[in-house]
Amino acid sequence: MSDPHEPEPAPPPPAYPETRWPMAAAVIVAAVLTLLLPDDLRLGPRWALPAAEGLLLVALISGDPLRISRRSAVLRGVSVALVVVLACSALWSTVRLTDDLIHGGSETGSATALLLAGSSVWASTVLTFSLLYFELDSGGPAARAHRMPRTPALAFPQQITPELAGAQWRPRYIDYLYLGFTNSTAFSPTDVMPLAPWAKSVMTVQSVISLAILGLVIARAVNVLV
């Protein structure tokens, strides 16, 4: 029998999960951008990567459908696998586009085609890195829903200045999308500071990739127009 004088254990803190749909929409947009790329900028057949991304997304939605709160090693592995597939696709397209810009490719003779292809590759990298930050920061969205670490890998303004938000504040996917976009346009941190070595390394890689895409595409497009 339990001791009636023994204090009852404290209830677990409430979870603050976020909805699954913004992240799912980002994956769908990335898959559509892959479908729209020219054949020589795409890794594998037209349907292969979008199909793999779709299957992994369906698995995530089936396991944790409406709000991301279920802490599961299997779901975590599926999420990481999805990010890896997106990253491989974006990096391959970036390498192929850079090679075409340097040596000449099917889309480099037309400024319109070049700008469309370059914009698709650039947007894909923004979405990919935003999902990478979303999945790796503070153990992922499911872990963040239950507990925010005292020393995060990415420090948002609400964490640096806690009075700007309540104790229940959590970064959502839109915060990581904004981080991915600003890092790709400013080539440096804006309002979100990388604290962990992996975060600094990934943000550096993203800035270099974005600088290469924007610089080479714009220079080539201007050269074609002139």
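Mentor: The protein exposes about 11,800 Å², and carbon and sulfur atoms supply 69% of that area. These areas come from the Shrake-Rupley method with a 1.4 Å probe, and for residues only the protein chains shown count as cover. This is a predicted model, where local features need pLDDT of at least 70, side-chain atom pairs count only at pLDDT 80 or more, and totals for chains, interfaces and linings use all residues. Residues are numbered from 1 along each chain as its sequence is written, and side-chain values use heavy atoms, leaving out hydrogens and water.

The pLDDT is the predictor's confidence in each residue, from 0 to 100. Its average here is 84, and 88% of the residues score at least 70. Among the elements, helix α7 (residues 173-186) has the highest mean, 94. Helices (H or I, at least four residues) and strands (E, at least two) are DSSP runs, numbered from the N terminus. The protein has eight helices and four strands.

Now the rings. Rings of Phe, Tyr and Trp (its six-membered ring) pair if their centres lie within 6.5 Å; planes under 30 degrees apart count as stacked, over 60 as edge-to-face, and the rest as tilted. That rule gives six aromatic pairs. Take Phe-134 and Tyr-176: their ring centres are 5.9 Å apart and their planes meet at 75°, so this pair is edge-to-face. Phe-134 lies in helix α4 (residues 111-136) and Tyr-176 in helix α7, so the pair ties together parts 42 residues apart in sequence. Both Phe-134 and Tyr-176 are buried (under 20% relative accessible area; exposed is over 50%, partly exposed in between, with a 1.4 Å probe and protein chains only).

Tyr-176 also forms an edge-to-face pair with Phe-156, at 5.3 Å centre to centre and 85° between the planes. Phe-156 lies in the loop between β3 (154-155) and α6, so this pair ties together parts 20 residues apart in sequence. Phe-156 is buried too. Ring pairs link Phe-134, Phe-156, Trp-169, Tyr-173 and Tyr-176 into a cluster.

Next, Gln-159. This residue is found in helix α6 (residues 157-160). Gln-159 is partly exposed, with a relative accessible area of 23%. Its side chain reaches the backbone nitrogen of Phe-156 at 2.8 Å. That is a polar contact: N or O atoms within 3.5 Å, where within protein one must be able to donate a hydrogen and the other to accept it, and residues adjacent in sequence count only if both atoms are side-chain atoms. Not counting residues up to four places away in sequence, Gln-159 touches Met-148, Pro-152, Leu-154 and Trp-169 (contact means heavy atoms within 4.5 Å).
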